[in-house]
Amino acid sequence: MDILPPILEGHILRIQKFLRAMRQENPFPSHVLEEDAETYCHLGQWLRGDGARRFGQSPEFAGLLVRHERLHQISRAAKSLLDAGDAEGAMHQGNLLDLENRLLLAELLTLTGKSHERGKTDPQDSA
């Protein structure tokens, strides 16, 4: 699980950059808006690779994939609205993106935390 924390840090930064870009404070980050970006962003690669190997059998894992894809769909919708001059609609999508991302992170941390807890042994077992 050593690789997941830096991937999550990068993911969180990318979402923050996207939200700032919606406010025209910086350019839009890469691997968010492109067609099928969810398959080649860092978190998407982890989810489809190591994440699927470790957690793919868990019922919660399929929901993570759907939520992650939804993040990219919302991002594309927000950018389209912004490009069309609908700043209010774009910001609504940005707020939805922030909410969905918080849910994704909570679900992912819960899933990986459960796995970590199952892997622990009772210290008294080794005594």
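Just after helix α5, glycine 85 takes a positive phi of about 90°. The structure described here is a predicted model, in which local features need pLDDT of at least 70 and side-chain atom pairs count only at pLDDT 80 or more, while totals for chains, interfaces and linings use all residues. Residues are numbered from 1 along each chain as its sequence is written, and side-chain values use heavy atoms, with hydrogens and water left out.

The protein has 6 helices and 0 strands, so the order of elements from the N terminus reads simply α-α-α-α-α-α; helices (H or I, at least four residues) and strands (E, at least two) are DSSP runs, numbered from the N terminus. Of its 127 residues, 36% count as buried, where buried means under 20% relative accessible area, exposed over 50%, and partly exposed in between (1.4 Å probe, protein chains only). The accessible surface comes to about 7600 Å², of which 53% belongs to carbon and sulfur atoms; these areas come from the Shrake-Rupley method with a 1.4 Å probe, and for residues only the protein chains shown count as cover. Among contacts (heavy atoms within 4.5 Å) between residues at least 6 apart in sequence, 65% join residues at least 24 apart.

Buried residues of α5 include Phe61, Leu64, His68, Leu71 and Ile74.

The largest nonpolar core contains 25 residues, and Phe18, Leu43, Trp46, Leu64, Leu97 and Leu108 touch the most other members. Such a core is a set of buried Ala, Val, Leu, Ile, Met, Phe, Trp, Tyr and Cys residues joined through side-chain atoms within 4.5 Å. Helices α1 (4–22), α3 (42–48), α5 and α6 (87–119) each supply at least two residues of this core, and α1 gives the most, with 7 residues. Leaving aside residues up to four places away in sequence, phenylalanine 18 touches Phe28, Pro29, Val32, Leu33, Ser75, Ala78 and Leu97.

On the surface, Leu96, Leu99 and Leu103 form a nonpolar patch with about 220 Å² of accessible area together. Patches are made of residues with over 30% relative accessible area and no salt bridge, with like charges joined within 9 Å and nonpolar side chains (Val, Leu, Ile, Met, Phe, Trp, Tyr) within 5 Å. Leucine 99, found in helix α6, is partly exposed, with a relative accessible area of 46%.

A search of the whole structure finds 8 salt bridges, each a side-chain nitrogen of Lys or Arg within 4 Å of a carboxyl oxygen of Asp or Glu. In helix α4 (residues 50–55), arginine 54 and aspartate 50 are 4 residues apart, about one turn of the helix, and their closest N and O atoms are 2.9 Å apart. Aspartate 83 and lysine 79 have the corresponding spacing of 4 residues in α5, and their side chains meet at 2.7 Å, N to O; aspartate 83 is exposed, at 55% relative accessible area. An α-helix has 3.6 residues a turn, so residues three or four places apart point the same way. In α6, arginine 102 and aspartate 98 form a salt bridge (3.2 Å, N to O) and are separated by about one helical turn, being 4 residues apart. Arginine 102 is exposed, at 55%, whereas aspartate 98 is partly exposed, at 24%. Elsewhere, salt bridges that share partners join Arg67, Arg70, Glu100 and Glu107 into one network.
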